[in-house]
Amino acid sequence: MSLGPITKPVRIAVLGAGRIGQMHAELLARRVDGATVPFVFDAVAATAEAVGARLGLAVASTIDEIMSSDQVDAVAICSSTDTHVELIEAAAAAGKAIFCEKPISLDLALVDRGLAAVRASGVPLMIGFNRRFDPTHRAVRDAVANGKVGDVHLVRISSRDPSPPPIAYIKVSGGIFLDMTIHDFDMARYVTGSEIVSVTAKGAVRVDPAIGEAGDLDTVVIVIEHANGAITTIDNSRQAVYGYDQRVEVLGSAGMVASENPLATTTLFRDASGTHQDTLPYFFLDRYVPSYVNEWHAFVDAITNGNAPPVSGNDGRAPLIAGLAAWRSYREGRTVTTAEIDDQHGGDRS
Ligand SMILES: NC(=O)c1ccc[n+]([C@@H]2O[C@H](COP(=O)([O-])OP(=O)(O)OC[C@H]3O[C@@H](n4cnc5c(N)ncnc54)[C@H](O)[C@@H]3O)[C@@H](O)[C@H]2O)c1
């Protein structure tokens with residue numbers, strides 16, 4: 001089944017009404033022209049009901065109610081990561097367009113199963129790598145794509161959270177490379193326009209010993225080789241005491257371009273001790289709201305015009321492979337190629 005263009009407004013049911021799902025439901029219902037939310041659903045009924053009541057949205061009591069409804073054009077999969085593939089398969093079988101939060105899954109074989117279902121049904125799929133739609137990061141990518149920095153030599157990405165998530169979350173997150181760095185692997189592919197060939201990762205536990213006891217790291221550095229010869233370095237920390245620090249810099253043969261952090265306000269205060277400015281936005285729900293709104297406009301535009309959505313299934317798959325390569329690199333103390341990881345899973349890149 002192939003989905004033709006859909007008439008606006010696109011009716012998008014939100015599956016999973018937790019931290020990110022309730023934000024997406026609110027944006028879709030109130031801030032995205034051309035979208036409506038016919039239902040919200042959560043495996044915990046009370047969660048869906050609370051969000052539905054707050055936003056004035058209908059609540060579905062089962063997934064089947066959504067998949068069989070002719071009032072639903074698309075689904076936004078915002079549930080826990082381990083449920084994404086089964087929901088992708090159900091939506092593909094029902095002929096619904098799909099938006100799926102990152103990561104598609106922590107298991108590459110499951111990702112391939114979900115992407116095969118999407119291909120077989122022909123429904124559009126977009127993965128929620130929202131940072132591509134952040135205006136400052138996008139301007140970096142556009143400057144590179146327009147040749148303004150010449151040949152790309154070096155990319156530097158810093159991505160630091162203000163504070164670590166709960167240990168219970170760490171345990172099911174896939175670890176820092178699959179939970180946090182996955183956004184930066186995507187950013188590296190996005191700004192360079194070039195695939196990741198190899199990954200070398202170093203890591204430490206510097207923030208909280210409990211993170212190490214849970215089998216994870218909180219402080220990491222990654223070096224990437226790209227197919228076009230460029231090199232990217234990424235540094236991640238689970239704790240930057242000054243706030244959510246998100247910077248991307250590209251150095252090329254003709255210059256450099258960088259995205260700096262926006263401040264919470266642009267107020268400037270000077271006194272005898274110096275010049276003071278506001279803090280950084282606290283976390284992703286402060287920093288990246290414009291990117292989430294823009295990603296929804298991109299999804300709605302793509303499916304109403306019958307175009308392929310701008311962040312493909314393969315764009316969801318490639319950073320997972322890089323994350324798996326990073327874990328192996330860290331554990332084995334060597335550079336790991338993405339081909340090595342991909343070949344073990346059959347190399348399904350289509
Ligand atoms: N793009 C981003 O910036 C970003 C940010 C945060 C989270 N995420 C991703 O979004 C997803 C959700 O993360 P979160 O932080 O909102 O988690 P969360 O735990 O706050 O919410 C997940 C919700 O899914 C519900 N759920 C579980 N199984 C379900 C099912 N089968 N059907 C429907 N609902 C189900 C849970 O009850 C919970 O309410 C994860 O995949 C995460 O990686 C992306």
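Author: In this predicted model, helix α1 covers residues 19-30, which is 12 residues. At 1.5 Å a residue the helix should span 16 Å, and its end C-alpha atoms are 17 Å apart, so the two values agree. The buried residues of α1 are Ile-20, Gly-21, Met-23, His-24, Ala-25, Leu-27 and Leu-28. An α-helix has 3.6 residues a turn, so residues three or four places apart point the same way. Ile-20, Met-23, His-24, Leu-27 and Leu-28 are among the buried residues of α1.

Two contacts can be followed out from this part of the chain. The first concerns Arg-19, a residue within the range of α1. Arg-19 lies over the face of Tyr-169, 5.9 Å from the ring centre. Leu-57 itself sits in the loop between α2 (45-55) and α3 (63-67). With a relative accessible area of 14%, Leu-57 is under the 20% limit and therefore counts as buried. By contrast, take Leu-57 and Ala-325: they are 268 residues apart along the chain, and their C-alpha atoms are separated by 42 Å.

Glu-213 lies in helix α10, residues 209-213. Its relative accessibility is 69%, so Glu-213 counts as exposed.

Next come the aromatic rings. A pair of aromatic rings is described by the distance of the centres and the angle of the planes. A search of the whole structure finds 9 such pairs. In one of them, the ring centres of Tyr-282 and Phe-283 are 6.0 Å apart and the planes stand at 85°, so this pair is edge-to-face. Phe-283 also pairs with Phe-284, again edge-to-face, with 5.1 Å from centre to centre and 75° between the planes. Tyr-282 has 47% relative accessibility and so counts as partly exposed, whereas Phe-284, at 14%, is buried. Ring pairs link Tyr-244, Tyr-282, Phe-283, Phe-284 and Tyr-288 into a cluster.

Two peptide bonds also deserve a mention. Most peptide bonds are trans. The bond joining Lys-8 and Pro-9 is cis, with omega about 0°, and Pro-9 is in the segment before β1 (10-15). The bond from Lys-102 to Pro-103 is cis as well, with omega near -20°. Pro-103 lies in the loop between β5 (97-100) and α5 (108-121).

Finally, the chain as a whole. Its secondary structure comes to 14 helices and 15 strands. With 350 residues, a compact globule would have a radius of gyration near 20 Å, and the chain has 20 Å, so it agrees with that rule. The C-alpha atoms fill a box of roughly 60 × 55 × 45 Å along the principal axes. Buried residues make up 51% of the 350 residues. Of the contacts with a separation of 6 or more, 73% are between residues 24 or more positions apart. The accessible surface comes to about 14700 Å², and 53% of it belongs to carbon and sulfur atoms.

Terms used:
Residues numbered from 1 in each chain as written. Predicted model: local features only at pLDDT ≥ 70, side-chain atom pairs only at ≥ 80, totals over all residues. Heavy atoms only, no water. Phe/Tyr/Trp six-rings, centres within 6.5 Å; stacked < 30°, edge-to-face > 60°. Buried < 20%, exposed > 50% of the residue type's maximum accessible area, 1.4 Å probe, protein only. Lys NZ or Arg CZ within 6 Å of the ring centre and 35° of its normal. Helix = DSSP H or I, 4+ residues; strand = E, 2+ residues; numbered from the N terminus. Rg over C-alpha atoms; globule rule 2.2 N^0.38 Å. Contact = heavy atoms within 4.5 Å. Areas by Shrake-Rupley, 256 points an atom, 1.4 Å probe, with all protein chains shown as cover. Expected span 1.5 Å × (residues − 1).
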